Amino acid sequence: MQKLTALVLTLILSGCAFPGVYKINVQQGNIVTAEELSKLNEGMPRNQVQALLGSPLMLNPVDRSREYYVYTFQRRGGDIQEQRIIVYYDADRYSHYEAQLLDETPAY
């Protein structure tokens, strides 16, 4: 009986580390390219910027002068790559941006 219990426990625990488990690519957030950022012009209204870049991922309810566009990508359980863009506004008009872009933005 003890041998059977040990065998069952070994099979159950080895199933957790099975090397053939399929891991998917995970992407989240806004995919924004350098080309899209180059189309931004100082003085553009906020709705026009959002039409170009998409809806921001994060908004600061206290300070509406910034919008955050974040994109993360994880290939098959590996390291997470992150891209951050902060768009600044002055009186609801585009002012400038700060960006930390990925070399490439993989889409699966």
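Student: Which side chain meets Arg66 in a salt bridge here?

Tutor: First the term: a salt bridge is a side-chain nitrogen of Lys or Arg within 4 Å of a carboxyl oxygen of Asp or Glu. In this structure, the partner of Arg66 is Asp63, at 3.8 Å from N to O. Keep in mind that the model is predicted: local features need pLDDT of at least 70, side-chain atom pairs count only at pLDDT 80 or more, and totals for chains, interfaces and linings use all residues. Residues are numbered from 1 along each chain as its sequence is written, and side-chain values use heavy atoms, with hydrogens and water left out.

Student: How many salt bridges does the structure hold?

Tutor: Four. One of them joins Arg46 to Glu67, with the closest N and O atoms 3.0 Å apart. To place that pair, you need the elements: helices (H or I, at least four residues) and strands (E, at least two) are DSSP runs, numbered from the N terminus. Arg46 sits in helix H3 and Glu67 in strand E3, so the pair ties together parts 21 residues apart in sequence. Both residues are buried.

Student: What else does Arg46 pair with?

Tutor: Asp92, and there the closest N and O atoms are 2.6 Å apart. That pair links distant parts of the chain, since Asp92 is in the loop between E4 and E5 and Arg46 is in helix H3, 46 residues away. Asp92 is partly exposed at 40% relative accessible area, whereas Arg46 is buried at 11%. Put together, Arg46, Glu67 and Asp92 are linked in a network of salt bridges.

Student: Which residues of H3 are buried?

Tutor: Here's the general idea: an α-helix has 3.6 residues a turn, so residues three or four places apart point the same way. In H3 (residues 46-53), the buried ones are Arg46, Val49 and Leu53. Down the axis of H3 they fall within an arc of 60 degrees (taken from the directions from the helix axis to the C-beta atoms), so they line one face of the helix. On the other side, Asn47 and Ala51 are exposed.

Student: What do the buried residues of H3 pack against?

Tutor: Count a contact as heavy atoms within 4.5 Å. They pack against helix H2 (34-38) and strands E3 (66-74), E4 (80-90) and E5 (93-100).

Conventions
Buried means under 20% relative accessible area, exposed over 50%, partly exposed in between (1.4 Å probe, protein chains only).
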